[in-house]
Amino acid sequence: MIRVLIADDHALALSGLSAMLGVQPDIEVAGTASDGVEAVAQARRLRPDLVLMDIRMPRLDGIEATRRIRDTPGGGPAVLVLTTFDLDEYVYDALRAGAGGFLLKDAPPGQLAEAVRTVAAGQALLAPAVTRRLIERFLSVPPGGGTALERLTDRECEVLAHVGRGRSNAEIAAALHLSEATVKTHLSRVLAKAGLRDRVAAVVFAYEQGLVRAGEAAPGG
């Protein structure tokens with residue numbers, strides 16, 4: 001059972017999201033919060049598996065709330081951010097704060113439930129049509145990575161670049177003629193060497209270091 005905390009300052013949104021998730025056999029709505037301060041407190045008290053986090057909330061926005069939740073010992077629960085896509089200007093900051101992915105506010109019930117399952121399982125929600133385009137819109141990086149990449153081998157840089165383009169381990173393995181196990185090993189080393197918490201952080205890092213640029217092709221996008 002996936003225990004979810006929903007944070008949104010609109011009562012109607014809270015009610016709707018709770019109803020959509022509450023009918024899922026493997027998801028339980030553990031609690032709700034109407035602002036970022038309450039979200040942090042409830043996350044610490046209820047210890048959910050995932051927080052469904054709105055970005056724009058009073059007292060404390062969803063970005064800072066995400067940062068505080070993810071900075072708790074053990075990494076805290078996973079965070080899935082709600083975004084209006086065309087309006088939110090803070091999506092990149094949310095990624096850096098530790099969000100595991102994004103969900104559009106008008107997503108249908110099935111997509112909402114599947115996104116919760118994906119992020120709660122520790123996988124990044126990196127659909128090219130959402131996260132990749134958001135990163136490209138809000139991040140511009142000059143060529144060259146500097147010292148941050150010098151700790152990585154050439155192969156690790158190759159793997160990181162593919163991760164930055166939103167490719168799965170299976171797709172990376174096929175592109176580089178490696179086994180999926182080898183790709184996982186390289187990615188684990190990248191995370192350790194660069195001090196990154198997860199695959200989403202690796203995507204941000206790839207953009208920051210200039211390994212991926214806006215407009216590069218990715219599967220499905």
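The secondary structure of this chain comes to ten helices and five strands, where helices (H or I, at least four residues) and strands (E, at least two) are DSSP runs numbered from the N terminus. This is a predicted model, in which local features need pLDDT of at least 70 and side-chain atom pairs count only at pLDDT 80 or more, while totals for chains, interfaces and linings use all residues. Residues are numbered from 1 along each chain as its sequence is written, and side-chain values use heavy atoms, with hydrogens and water left out.

Of the 221 residues in the chain, 51% are buried, a word that stands for under 20% relative accessible area, with exposed meaning over 50% and partly exposed in between (1.4 Å probe, protein chains only). Among contacts (heavy atoms within 4.5 Å) between residues at least 6 apart in sequence, 68% join residues at least 24 apart.

Asp 8 sits in the loop between strand 1 (2-7) and helix 1 (11-22), and it counts as buried because its relative accessibility is 1%. A polar atom of the Asp 8 side chain lies 2.9 Å from the backbone nitrogen of His 10; a polar contact is a pair of N or O atoms within 3.5 Å, and within protein one must be able to donate a hydrogen and the other to accept it, while residues adjacent in sequence count only if both atoms are side-chain atoms. Leaving aside neighbours within four places in sequence, the residues in contact with Asp 8 include Ala 33, Asp 54, Leu 82 and Lys 105.

In helix 2 (residues 36-46), the buried residues are Gly 36, Ala 39, Val 40, Gln 42, Ala 43 and Leu 46, and they pack against strand 1, strand 2 (27-33), strand 3 (50-54) and helix 3 (62-70). At the start of helix 2, a side-chain oxygen of Asp 35 reaches to within 3.0 Å of the backbone nitrogen of Val 37, and the helix is followed by Arg 47, whose phi is positive, near 50 degrees.

Met 53 lies in strand 3 and counts as buried, because its relative accessibility is 0%. On a 1 Å grid over the protein atoms alone, a cavity is a set of points where a 1.4 Å probe fits but cannot get out, and a pocket is an open set with protein on both sides within 12 Å along at least five of seven lines, while lining residues have an atom within 4 Å of a point. Grid points are joined across faces, edges and corners, and a volume is the space filled by probe spheres set on the points. Ala, Val, Leu, Ile, Met, Phe, Trp, Tyr, Cys and Pro count as nonpolar, Asp, Glu, Lys and Arg as charged, and the others, Gly among them, as polar.

| Space | Volume | Lining by class |
|---|---|---|
| Second largest cavity | about 40 Å³ | eight nonpolar, no polar and one charged residues |
| Second largest pocket | about 200 Å³ | six nonpolar, two polar and four charged residues |

The cavities of 30 Å³ or more come to two. Residues that line the second largest cavity include Leu 17, Leu 82 and Lys 105, and helix 1 and strand 5 (101-104) are the elements that give two or more residues to this lining. For the second largest pocket, helix 4 (91-97) and helix 10 (199-208) each supply at least two lining residues, and helix 10 gives the most, with four.
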